[in-house]
Amino acid sequence: MSSTNSNARSGGGPRVKTPARPAQRPGTGQSAPGSNRQPLVKPAPKAKARKARLLVSKIDPWSVLKMSFLLSVALGVVTVVAAIVLWTVLDLTGIFDQVNRLLGEIAGSESGGFDLREFASLGQVVSFATIIAVVNVLLLTALSMLSAVLYNIASTLVGGIGVTLTDD
């Protein structure tokens, strides 16, 4: 493309050269030394940190119920998985065999032997952990919803909890 003016509306008049703009270095934000020109981009003014003082005056019991149910189900899954992992680690390290030998020495050879794996098999441990997890889900969900209802009652008397939020 040429440096001449190619305006289509000018008709067939003489072509005039446009003056070239001086080159500026990008990213410096300052003009060339010795000139009085302003920088192309002005720096943004620093924003002040905003503060907002809020009051938590009511908690919705339905949202607390849903959230606590989901969190307690996640905790129940973690409980069952932890029980499986713990039983597997105890079995692989030979703890059950050592406990069986110790109980055999304490009871003597007359007792016919005691096998801890029969008493605490993996299936029984998982069943017990699942029962504990279900009971925890029910209790934690009910207690958290009861706590939300009690907070709402108390906040009507006292006014709630004040929270200050800041913008960093």
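## A residue in helix α4

L139 sits in helix α4, which covers residues 122–158. Helices here are DSSP runs of H or I with at least four residues, strands are E runs of at least two, and both are numbered from the N terminus. This is a predicted model, in which local features need pLDDT of at least 70, side-chain atom pairs count only at pLDDT 80 or more, and totals for chains, interfaces and linings use all residues. Residues are numbered from 1 along each chain as its sequence is written, and side-chain values use heavy atoms, with hydrogens and water left out.

L139 has a relative accessible area of 49%, so it is partly exposed. The classes are buried (under 20% relative accessible area), exposed (over 50%) and partly exposed (in between), with a 1.4 Å probe and protein chains only. S72 is 67 residues from L139 along the chain, and their C-alpha atoms are separated by 9.1 Å.

## The chain as a whole

The protein chain has 4 helices and 2 strands. Along the sequence they follow the pattern β-α-α-α-α-β. Of its 168 residues, 12% count as buried.

## Helices α1 and α4

Helix α1 spans residues 61–93. It packs with α4 at an angle of about 160°, and the axes are 8 Å apart. That makes α1 roughly antiparallel to α4. Axes are lines fitted to C-alpha atoms, for helices over the stretch in contact, and angles run from 0 to 180 degrees between N-to-C directions. Angles under 35 degrees count as roughly parallel, over 145 as roughly antiparallel, 65 to 115 as roughly perpendicular, and the rest as oblique.

The residues of the contact of α1 with α4 divide into 20 nonpolar, 9 polar and no charged. Nonpolar covers Ala, Val, Leu, Ile, Met, Phe, Trp, Tyr, Cys and Pro; charged covers Asp, Glu, Lys and Arg; the others, Gly among them, are polar.

## Helix α2 and its end

Helix α2 runs over residues 95–107. At 1.5 Å a residue, its 13 residues should span 18 Å, and its end C-alpha atoms are 18 Å apart, which agrees. The expected span is 1.5 Å times one less than the number of residues. Just after α2, G108 takes a positive phi of about 90°.

## The strand pair

Strand β1 (residues 51–56) pairs with strand β2 (residues 161–166) in the antiparallel sense, over 6 bridges. Pairing requires at least two bridges found by DSSP. Of the 6 residues of β1, 0 are buried, so the strand lies largely in the open.

V56 stands opposite I161 in β2. I161 counts as partly exposed because its relative accessibility is 47%.

S57 lies in the loop between β1 and α1. With a relative accessible area of 41%, S57 is partly exposed. S155 is 98 residues apart from S57 along the chain, yet their C-alpha atoms are separated by 5.8 Å.
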